[in-house]
Amino acid sequence: MIKQVPDSSEVEIDPVKMTLNRTKARNVVNAADLNALEYALRIKDKVGANITVISMGPPMADAAIIECMARGADRGILITDRAFAGADTYPTGLTLAATITKLGNVDIVFGGDETTDSSTGHVGPGVAEFLGFDQITYAKEVDYEDGYVIATRDLEDGDEIVKVPTPVVITVLLNSNIPRHQSLRKKIDAIRKGVESWGINELGLKPEWVGLRGSPTIVRSMKAIKEPEHLHKTVTLDKIDDIVADLVSKNIIKVGGK
Amino acid sequence: MMVGLINAIPVANKDEYKNVGVYIEHRGDEIKRSSLEMIGIGKQLARKINEKLLCVVIGDKVDGIAKEVGEYGCDIVLAAESPDLAEYRTMPYAQIIGDYIAEYKPNIFLLAATRNGRDLASRIAVKERTGITADCTVLDVDENRTLLANRPTYGESTLAEILCRNHRPQMATARPGTFTPAEKEKDHKYEIVKKKVNVDKNMLKKQIIKFIPKKATDLTAAKIVVAGGLGLGGPDGFKLLQDLADLIGGAVGSSRPPVDLGWITRDHQVGQTGQAVRPDLYVAVGISGKPQHVAGMKFSKVIISINKDPNAEINKISDYIIVEDYRKAVPALIDAIKNFGKQKVAEAQKA
Ligand SMILES: Cc1cc2nc3c(=O)[nH]c(=O)nc-3n(C[C@H](O)[C@H](O)[C@H](O)COP(=O)(O)OP(=O)(O)OC[C@H]3O[C@@H](n4cnc5c(N)ncnc54)[C@H](O)[C@@H]3O)c2cc1C
Ligand SMILES: Cc1cc2nc3c(=O)[nH]c(=O)nc-3n(C[C@H](O)[C@H](O)[C@H](O)COP(=O)(O)OP(=O)(O)OC[C@H]3O[C@@H](n4cnc5c(N)ncnc54)[C@H](O)[C@@H]3O)c2cc1C
């Protein structure tokens, strides 16, 4: 599962409206999804596998799928239909799960831990629940052996090593490996092969189940966040006591330190 | 599985749903700080609309934790116990919470957006066929008992208010470090409803082979963060920052490049792909202030920037700007803090 997102290193903040200006940003494959693809490719290298890349998005998202095929995926499917627009994580999970069900014989579903755009991290576990699969989230080392996935989950207070029989959904931690490069030959093959396109009918879904209509949540409003005011005082080293005095008076630090 | 769930999401009869539910995360006998924060906000929401706070505790031996949760102000503690639940596993935990939701029908259900909290949250939402808002920093409830779930988006510049109109419970996860942790209430009356559960063996297929604890730097709990960037020039710079942090009771943070270069571990990273902090004081040392970094610290109350470059972007959001090599500026700040104290003490002794 991959999602096309605006390149977050290119997204500019509009200084007046304090919103992101996404129009200038290039669209790229969500970074963690490339880490997920890399683990899938390593399993393919080790035991052989057929990798299908799926993405729900507008027609232009086929470029993201082609990029993944140029890195070694075998097949690409774009799930695209006007009815899918405006989906929250519930119908997104449903639509992806329906796609995986239609593909059939899927042992491992890989995704990123979260996206760099809306970053809920809710799609992977949602897909797992729809499919009835077990799941491994925040995986940073992934190996496969004899029907089992062995992976390390990166938690706040430690690393958890788990072993889970397939089928399983794995969400991969951003930056947990170095994705291999695209190959020109594979890219040409991918363009020749093309990206398949599935819509609501192919998946046997109804319009009221997906997209905005199938979304239990709605965004009611967007407000600019008021940020704290700052003093902007340049202080030379001989005046550094002024800072200390201010911090002490605000009870932020204690006289003489801690 | 699939086919059963596909049949659209039924609209809930809202009047059947009442009270605020919270999932309590713990490791061993210790309740996670983030869960105490959830009790805090859960209690606030429940009391605003005169409803009860329900907390779900799951584990092997949970009596101690259940009691503590009650003391923190929960009204009804739902405690599920089994030796098979000693370790956290998604499948049985999601099942048990789902069963509780089906039985007790809470109007609102909250989890902390920790990694295991996020592992569970949307799975439960799909199971219960309802919507969920992720990583909220503002939560409120209106007179119609609608949860107003607010989450920052677009690099923290905007707050999106998200509602779940027709489905129940209204679910949300909350960003750790945002809400004030609950404090124990003297004489608070609570009830513990305990059940022993038999866990379906099919849900125990995930083997937890090993848990390797790591020193967790929870920057979100720190009142003071002293952070270093690429401008430190190497790992040694962080020793100097640690001295300053130790002196004033702070934690050491970092921008991303030092983490990528291996100067410091990733649990210290502040920013869009690290931790989001809102301390009383943030000292940015050799950090330029790129948007991905600023996203994780711009709500700090007081910001001090130590940077050679007078035009560094971080200065735009700083209270105090020290334009110097940090190797001079940080020791000077340390001395000033130490001596400031001495001076005061001397003055007091004189008087
Ligand atoms: C400002 C804003 C706030 C939002 N807040 C919420 C919210 O709180 N709750 C909610 O339910 N919805 C929310 N949404 C809607 C949400 O963005 C969409 O549901 C989106 O389709 C998936 O969410 P995500 O990007 O957060 O995915 P994540 O869950 O962060 O993505 C994890 C992984 O799932 C896979 N994946 C995700 N989307 C796709 C896709 N389209 N195709 C293929 N694979 C995919 C990828 O592998 C990805 O790495 C919000 C949208 C916006 C614009
Ligand atoms: C998807 C994505 C996610 C990202 N997530 C994060 C994130 O979570 N957190 C994060 O921090 N970054 C993140 N980044 C990286 C971010 O874009 C910047 O590259 C990074 O924040 C810059 O770090 P820096 O300020 O330490 O380094 P620089 O930008 O190189 O700044 C170094 C500063 O040090 C000053 N300096 C140099 N020498 C000295 C000296 N001797 N004394 C004092 N000052 C000195 C310089 O004047 C300069 O201002 C992300 C990037 C991407 C694309």
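Trainee: Which residues of strand 17 of chain B point one way, and which the other way?
Mentor: In this predicted model, Val302(B), Ile304(B) and Ile306(B) point one way from strand 17 of chain B, while Ile303(B) and Ser305(B) point the other way, and all of them are buried. This goes with a general rule, that side chains in a regular strand alternate between the two faces of the sheet.

Trainee: Why is strand 17 of chain B called largely enclosed by the rest of the structure?
Mentor: A residue is buried if 20 or more other C-beta atoms lie within 10 Å of its own. Five of the five residues of strand 17, residues 302–306 of chain B, are buried, and therefore the strand is largely enclosed by the rest of the structure.

Trainee: How do you know which strands pair with strand 17 of chain B?
Mentor: Pairing requires at least two bridges between the strands. Strand 16 (residues 281–285) of chain B is joined to strand 17 by five bridges and runs parallel to it, with Tyr282(B) standing opposite Ile303(B). Strand 18 of chain B is joined to strand 17 by three bridges, also in the parallel sense, and there the bridge partner of Ile306(B) is Ile322(B).

Trainee: Which other strands of chains A and B are joined by bridges, and how do they run?
Mentor: Strand 10 of chain A and strand 13 of chain B are joined by six bridges and run antiparallel, and Gly158(A) stands opposite Pro213(B). Both strands belong to an open sheet of six strands, in the order 7(A)-11(A)-8(A)-9(A)-10(A)-13(B), with mixed pairing.

Trainee: What makes strand 7 of chain A and strand 13 of chain B the edge strands of that sheet?
Mentor: Each of these two strands pairs on one side only, and that is what is meant by an edge strand here. Neighbouring strands of this sheet are turned against each other by 40° on average, with direction ignored.

Trainee: How many residues of chain A are in contact with chain B?
Mentor: With C-beta atoms within 7 Å as the cut-off for a contact, 71 residues of chain A are in contact with 84 residues of chain B. The side of chain A that touches chain B divides into 35 nonpolar, 21 polar and 15 charged residues.

Trainee: Where does ligand 1 lie, and which residues come nearest to it?
Mentor: Ligand 1 lies between chains A and B, and of the 35 residues around it, Gly111(A), Gly112(A), Ser118(A), Thr120(A) and Val123(A) come nearest. The shell around ligand 1 divides into 11 nonpolar, 18 polar and six charged residues.

Trainee: Where does ligand 2 lie, and which elements give two or more residues to its shell?
Mentor: Ligand 2 also lies between chains A and B, and the elements that give two or more residues to its shell are helix 7 (256–260) and helix 8 (291–294) of chain B. Its shell divides into seven nonpolar, 17 polar and five charged residues.

Trainee: Why is Cys136(B) called buried?
Mentor: The cut-off is 20 or more other C-beta atoms within 10 Å, and Cys136(B) has 26, so it counts as buried. Cys136(B) lies in strand 7 of chain B, and beyond its neighbours within four places in sequence its contacts include Ala149(B), Asn150(B) and Ala172(B).

Trainee: What is the pLDDT over residues 1–7 of chain B?
Mentor: Chain B averages a pLDDT of 93, and 96% of its residues score at least 70, but over residues 1–7 the pLDDT is below 50. Where pLDDT is low, the predicted coordinates should not be read in detail.

Definitions and conventions:
Residues numbered from 1 in each chain as written. Chains lettered and ligands numbered in written order. Predicted model: local features only at pLDDT ≥ 70, side-chain atom pairs only at ≥ 80, totals over all residues. Near = placed C-beta within 6 Å. Nonpolar A, V, L, I, M, F, W, Y, C, P; charged D, E, K, R; others polar. Contact = placed C-beta atoms within 7 Å. Helix = DSSP H or I, 4+ residues; strand = E, 2+ residues; numbered from the N terminus. Axes fitted to C-alpha atoms, helices over the stretch in contact; angles between N-to-C directions. pLDDT = per-residue confidence, 0-100. Buried ≥ 20, exposed ≤ 12 C-beta atoms within 10 Å, placed from the backbone.
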